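Please look over the chain shown here and work through the questions that follow.

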Amino acid sequence: MKRLIERSRSVGEVLRWVTQNPGKVSASHYPIALHKLGQLLQQQPGPPMGAGDSRGPAGQVLEQPEFHVLCQAIVSGCAKFDNFSIVNCLYAAAALGLPGESPLVRVLEDESRSRLGRFNQKDVSMVFSSEANNKALEAIFSSQLFYENRQERFIRSMAEWLPRKAENLTPYTMALIAKYVARHRLREPRLLDTIANFLLKRGEQLDSKVIQKLVFPFSRMNYRPSNHGELFPKLEAILEQKAGSSPLATVNILMSMFQLSHFPQTVLHQVFSPGFISNVMSSPYALIVRRYLSLLDAAVELEFREYSGPRLDPRYRVLMFEHALTADEANRKYSYKGLVAEALRQLVGEECYRQDEVLPPGYCTDFLLWINRSGTVLPLSRVPAASRAPPATSPVTMSLRSSVLALTSDLQDFAPVVLSVNDKWHYCQNSDILVGSRAMRDRHLRLLGYCLVQLPYTELEKVSGIEEA
């Protein structure tokens, strides 16, 4: 039956084999039939496949009685299907263009969710790995079920064959892949280099909003692609031409480059120019761009001292973050911060540290302590006011260089210490490399004069009880 389906030359032939021979059709034959239908429909002339598009070939097959018989057979029997058949049917249905609200897709997704704990990653990694195409990959990475779950084996497999197929992918599909890789912090160099090569070849034809999606995984994973010597100058040239067309995307791309310690001087001249600032301040996304520009301005002050162009007007400066990051808040119950807080409370007392202190230019720190030359943790009441961390409540008048001076003037007597609890989501997946935003935060805090003490989750998870903590 498998051979007969695969050799079919028309949609009608596939449907006849499957629907007229129910006794010879097993669970594994259904995804093969759906895949074959998708291949045959792509070869037919007419409008491209689309969910529920009754005008094109896909819409015509969806309306055929035999196709409804096929779908009903899958719906009725999928509870008895093996995992591999379920996964293959789900993604084949997506590639075929079936709407998400169709009974077939709903039943398959419900069945998949109920089995997630039993799924072998191989079940997903094998899907389309040998015969991937643009439509199939778009269907996979558009699936909410796939997007919400990390499939490392599939990504490793895809890194092997995607470079050969990348030229045939649309920017939209590549952006979906980049978004998935960034969301799950998958630091897969071959895959990231494939995205970088795609960006190098297609950059001029892409708008800034697509470019920001393709660049983000590099900064997220703190990874300089192997072609960065060519790619970064090209991105600078593109941004020079398109900086004003999408200000938020431009600033996002700059932030990614800054996190990778690359500072495009010409583009900075543009984004700190009065015209760009005026355009931004009258837009609906003014606040978020002000936050990013404020952090970029701080990064210039700390890391790009040779820059001599325009800077952000002090009246527009705001804190990048006013409280803990969303990810940290969402994952609070999985964090080791509570354990460390209780250990600190018992060890030095609540009067000797501050928790969740926000420091200019807007970095939320886990714990802030002051230590004297003999190594004693001091109560905050004994730390001279002039030597304490600069207040984060008045970013408008903030001067980072004066902050550095304030912190270092009494270093012979006092040293500010940031105790940093690095939980699992602060690192790239299965790696000891901090994500780009966290790495830049640490660089900036050190440049501001703070001593950083890192507490990685890999060490904290070994701790048994508060005494060990």
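A crossover is right-handed if, with the strands pointing away from the viewer, the path from the first strand over the helix to the second runs clockwise. This is a predicted model, in which local features need pLDDT of at least 70 and side-chain atom pairs count only at pLDDT 80 or more, while totals for chains, interfaces and linings use all residues. Residues are numbered from 1 along each chain as its sequence is written, and side-chain values use heavy atoms, with hydrogens and water left out.

Q: Which handedness does the β-α-β unit of β5, helix α23 and β6 have?
A: Helices (H or I, at least four residues) and strands (E, at least two) are DSSP runs, numbered from the N terminus. The unit consists of β5, helix α23 (residues 436-447) and β6. Its two strands, β5 (residues 414-422) and β6, pair in the parallel sense over six bridges, where pairing requires that DSSP finds at least two bridges between two strands. The handedness of the unit is right-handed.

Q: Which are the edge strands of the open sheet?
A: Four strands form this sheet, in the order β1-β4-β5-β6 and with mixed pairing; β4 and β5, for instance, run antiparallel and are joined by six bridges. An edge strand here pairs on one side only, and that holds for β1 (354-355) and β6 (451-456).

Q: How many of the residues of β5 are buried?
A: Buried means under 20% relative accessible area, with exposed over 50% and partly exposed in between (1.4 Å probe, protein chains only). In a regular strand the side chains alternate between the two faces of the sheet. On one side of β5, F414, P416, V418, S420 and N422 are buried, and on the other A415, V417, L419 and V421 are buried too. The count for β5 is therefore nine of nine.

Q: Is C78 buried or exposed?
A: C78 is placed in the loop between α5 (65-77) and α6 (83-96). Leaving aside residues up to four places away in sequence, C78 touches I86, V107, L108, E111 and R115, contact meaning heavy atoms within 4.5 Å. Because its relative accessibility is 3%, C78 counts as buried.

Q: How far apart are the end C-alpha atoms of helix α15?
A: The expected span of a helix is 1.5 Å times one less than its number of residues. Helix α15 (residues 228-242) has 15 residues and so should span 21 Å, which agrees with the distance between its end C-alpha atoms, 20 Å.
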